[in-house]
Amino acid sequence: MPKSRPLLRGVSIIGVGMSKFGAFPEKNSRDLFVEAFKDMTGSVDKGLDPAVIESFYLGNFSSDLFEHQGHTAPLLLDAVGLTPIPATRVENACASGATALRQGVMAIASGLYDVVLVGGAEKMTDLPTADVTDTLATAADVPFEISAGFTFPGFYAAMATAYMAKFGMKPEHLMNVAIKNHDNGALNPNAQFGTTIQKWMEGRIASAIKKGKPAPNWTSIWDFLHDGYANPIVAWPLRLFDCSPITDGASALLLVAEERAREFTDIPIHIIGSAQASDTALHNRLDLTSLPAAKLASSQAYGMAGISASDVRIAEVHDCFTIAEVIASEDIGFFAPGEGFKAAEDGMTARLGGKPINTSGGLKSKGHPVGASGVAQVFELWKQMRNEAGERQVPGDVPLAMTHNVGATGSTCVVHIFERRE
Ligand code: COA
């Protein structure tokens, strides 16, 4: 088992950027990455000469199938004018972004480079939903799981069912996660679904009235979320609003050796924990109510950082489905097993709660362009830790925060811990 050793050289983040997330028929992943890169360069407080960047790691799951374009890293690098530095694409399914970040961290910690660009990009909406589902399914154990009829909503539905049976959760509890993440996403200008479920419901009623159709008789969002037309079941117990959407988007971070961080900003964010773990595919696991790789990566990241879960102020976790957020909140140690859904119900994980989770809106509301998601999680923490998150800023200081990024059903999990030091 790997030890939780500290980095041999400190690594800091000095700039972040992202494109808007959503469906952009006129843009490819290159266009989106150029937007994220420009946003990142604009975020470097003391200005950035891109010529100082020495290497590039890109998180991208499947440009091959989504865009019929392989070998994506040098193309994206060229689009931002940075050839001939090394460009490396990193693929670890939905954890590609955080895995790319970890490669960047290791490249600087080893002494090989001082300044590294980390990006994430995915262009998913060119394909019809059935083909997106097939493409995503390649991240599973295809001969054993996909040939048996599983899809990703199906996997997470199986996990939700097991969790309900073990801990007494009801499908309604998962709705609390969707409501909370849409509330947060409504405050995020980059979110795909930048609207609360309340507003979404009111929009549907207004649209029906405008078209001269009978107005739906929803008296609250609970009626709306229980309506089989407004919120159909995708894979029981998961409904439409339990799923992250299909998204186009890109994100970027600039890492530097800690001793050089203040050349670029007076408020760097330091990476003090970085861990990654792997696991057998879901069909081989005895318990579906927790991801062992997430627990292991979290405990190793805490060990490396010399902190525990109680020290962490906020987290961005991998809520590809609402049940995934509940399980993540337990795997990272915020709550005991079986308590995560109650914490969501009690408002503990809300923006103003004791342990805010997914203040960005999470994958659920912000969107989930798979290769970009792990890097975009860090974008949110950077904003929150520097008190720059605008309307969605959590109250008080955020000295410590963490990301949790999962590939597939937890065959990969990558956890990072971030610190703001005065
Ligand atoms: N949550 C809420 N609303 C959603 C949504 C989501 N995740 N996805 C789509 N919608 C809305 C659309 O905005 C649209 O609303 P409108 O009629 O008011 O315009 C409506 O639902 C239909 O959209 P459409 O794009 O046709 O949906 P779809 O049925 O093709 O796809 C899912 C819906 C849930 C199947 C798709 O988003 C999905 O597969 N998500 C999971 C992605 C995934 O597995 N990611 C990897 C995780 S490991």
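P237 lies in the loop between β5 (233-235) and β6 (238-239), and a cis peptide bond with omega of about 10° joins W236 to P237. That's one spot in a predicted model, where local features need pLDDT of at least 70, side-chain atom pairs count only at pLDDT 80 or more, and totals for chains, interfaces and linings use all residues. Residues are numbered from 1 along each chain as its sequence is written, and side-chain values use heavy atoms, leaving out hydrogens and water.

**The whole chain**

- You'll find 15 helices and 11 strands here; these are DSSP runs numbered from the N terminus, with helices being H or I of at least four residues and strands E of at least two.
- Of the 422 residues, 59% count as buried (buried is under 20% relative accessible area, exposed over 50%, partly exposed in between, with a 1.4 Å probe and protein chains only).
- Take the contacts between residues at least 6 apart in sequence: 75% of them join residues at least 24 apart (contact means heavy atoms within 4.5 Å).

- Most residues other than glycine have a negative phi, and most peptide bonds are trans.
- Another cis peptide bond joins T83 and P84, with omega about 20°; P84 sits in the loop between α3 (72-79) and β3 (87-90).
- N358 isn't a glycine, yet its phi is positive, near 60°. N358 lies in the loop between α13 (340-345) and α14 (362-366), and counts as buried because its relative accessibility is 0%.
- A408 also isn't a glycine and has a positive phi of about 60°. Look for A408 in the loop between β10 and β11 (412-419); at 5% relative accessible area, A408 is buried.

- Q384 belongs to helix α15 (residues 370-385) and counts as buried, since its relative accessibility is 1%.
- The side chain of Q384 reaches the backbone nitrogen of V394 at 2.9 Å. Beyond its neighbours within four places in sequence, Q384 is in contact with residues including I314, T359 and V398.
- N387 is in the loop between α15 and β10 (400-407), and at 56% relative accessibility N387 counts as exposed.
- Leaving aside neighbours within four places in sequence, N387 is in contact with Q393 and R420.

Conventions:
A polar contact is a pair of N or O atoms within 3.5 Å; within protein, one must be able to donate a hydrogen and the other to accept it, and residues adjacent in sequence count only if both atoms are side-chain atoms.
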